[in-house]
Amino acid sequence: MYNIFYQYILLLVFVLTFFGIGMLVFKAFSIRLKYMADKIFYASVLGCSLAIILFTAFYLTGVYSKYFVYIMCLAVVPGIYFLTQARDKKSTILMTIILVLLFKVMIYTVYPPNDFDATMYHLPIINQLVQNANIDFSTSIRYPTYPFFGEVFLSLGMVFGDTSVNVLSAYILFLLALAIGKEFVYQSYWKSIISVGLLFIVKVLINFSGTAYIDNILALFFFAAFLVLKNNFVDKKNIPIYLSGIFMGIAIGVKYTAGFCAIEIGIILLLLRQWKATIKYALPAIVIGSIWYIRTYLVLNNPLWPFMTKIFQTKPVWTEQDYLLQFGDLMKKYDTISDLFKGILHAEGGISVVIFLGLGLYCLLARKQKWFKLYIGIITAYFIMWYNSAQYTRYLMPIVPFLVLMATNGYIVFIDKFRKKEKIYKVIASLILCNYIIVVISFVYDYSFDKKIIWKDNIVKYRMVCTDRGKFLQEKFPAYNAVDYASKLPGKTYAMHLEYINYYGKGKVYGDWFGKYRYADVDDLLNAKEYEKLSIHLKNLKIDYLLVSKSNNIVPNIYMSEVYNDKKYAIYKIN
């Protein structure tokens, strides 16, 4: 039985562990920060960064052991010590508010992983890292050479079970909320509460926190790298610049699009004419961020696979048809401006209109604030890049913290500017605040705990206790029982059009749209009922079983023997 109380305890363990690691480094290098909220945030993100780098080294050298994770968690002890030594009332209240607002996301973490990309390839990659101390290129993992810092971080939770991976993802949201809140908490509580509340109404962020997706991890490290610069050059805090480079290096190793984010940070430093700071930023960012790209280059002659394959003379991994299919999926564009706005506001949860209302107020009333043009430049440049690539709303997550920061400033300036002026402005301000409060309360305290499956229409109720893991997964994935059965067979199973549930095949279930195990090769033979050729093809792939939907209408033949049958799926042994 999985319950929310255990998940919260585990969350606190992660909070204290990574904070403890970061503070030990701060002490070792005599890094002193004035404000406790800054100390907690930067030490925690640094602790995460160092853990990622260290365990990447373990994986790449093949010396990983789960006991290393247990040893890492001993940092809870210094974490408790440093927290009790330097706590202050404002940072304590801020973190308490965040932990309460996390309640709905923590409900999601109680349940086994069930979001498509998570079970399709993020979690299989994590399993490979934990079980093999590396990624085996002969497996059915779709992207065996991507940058994997995000998966490395989430793998630290796998020692405690896959629902603990979800808790680590929720911890990333905790740090993002802390990053936003700390920028206002020492000005006033209400400003900090507005900022954190705004973050928690961004449904695309909430929907993917508590899952094994990595977009929120990229958002955290990109925003942390930026905050180092802001806190130094705007707020005049003494934050070491090289921390920005470390954080951006991790971001680059999470996802390819972080390269664009890294350039944005570099341009800011150049515009500020901070030449030494640029070097302090660039060196750790390049050294740390290049790790997975070097590995990919050594394996495939192409550090950016599956992109730029002809430029780098990539070793054969996919066919031309595979690449066309992949890029066709990544280059979907909204046909009209209306569709674009609908997608941003609603797709995958969307970004709340309340954020854009605050952004409008910021642009109208806060143009004289420091770095106004830089903020606008960052989100505009990133949006243009996003618009010309894969337009999934979750891919906007790296700029969500910037949007929230700007929207908060917009509301604050609006309230400060008009609260002592004419009555009409007080009415407008009151209406805006009432709308904001209603949206926050209705979302955060929606006790039905509904959550849409990504790319699916059905909704499943989430409660505080998951009593039957198998029943829940069968409800989410009709093929779960068949895939689970296949994972226990003494050989490899080829599953038709079930790549989205790859994780529950436990490394023994194959089949995908791309690569060696592509569906197209099997589909044609299956539809033509050429079972002899199908048997030969699967044997060449060293496949022992075939899992298909009953809609394929396989007729009895001498090349296959049925070994499993349920209402929708059947498994055949290849003779």
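A residue counts as partly exposed when its relative accessible area falls between the under 20% of buried residues and the over 50% of exposed ones. In this predicted model, K550 has a relative accessible area of 33% and is therefore partly exposed. K550 sits in the loop that joins β7 (545–549) to β8 (560–565). Its contacts beyond four places in sequence are N565, D566, K567, K568 and Y569. With N565, the link is a polar contact between side chains, at 2.4 Å. D566 lies 16 residues from K550 along the chain, and the C-alpha atoms of the two are 9.0 Å apart.

β5 (residues 493–495) pairs with β7 in the parallel sense, over 3 bridges. Within this part of the sheet, Y494 has L546 of β7 as its bridge partner.

Elsewhere, helix α7 covers residues 116–132. At 1.5 Å a residue, its 17 residues should span 24 Å; the end C-alpha atoms are 23 Å apart, which agrees. Of the 17 residues of α7, 14 are buried, so the helix is largely enclosed by the rest of the structure. A133 follows α7 and has a positive phi, near 60°.

Definitions and conventions
Residues numbered from 1 in each chain as written. Predicted model: local features only at pLDDT ≥ 70, side-chain atom pairs only at ≥ 80, totals over all residues. Heavy atoms only, no water. Helix = DSSP H or I, 4+ residues; strand = E, 2+ residues; numbered from the N terminus. Buried < 20%, exposed > 50% of the residue type's maximum accessible area, 1.4 Å probe, protein only. Contact = heavy atoms within 4.5 Å. Polar contact = N/O pair within 3.5 Å; in protein donor to acceptor, adjacent residues only side chain to side chain. Expected span 1.5 Å × (residues − 1). Pairing = 2+ DSSP bridges.
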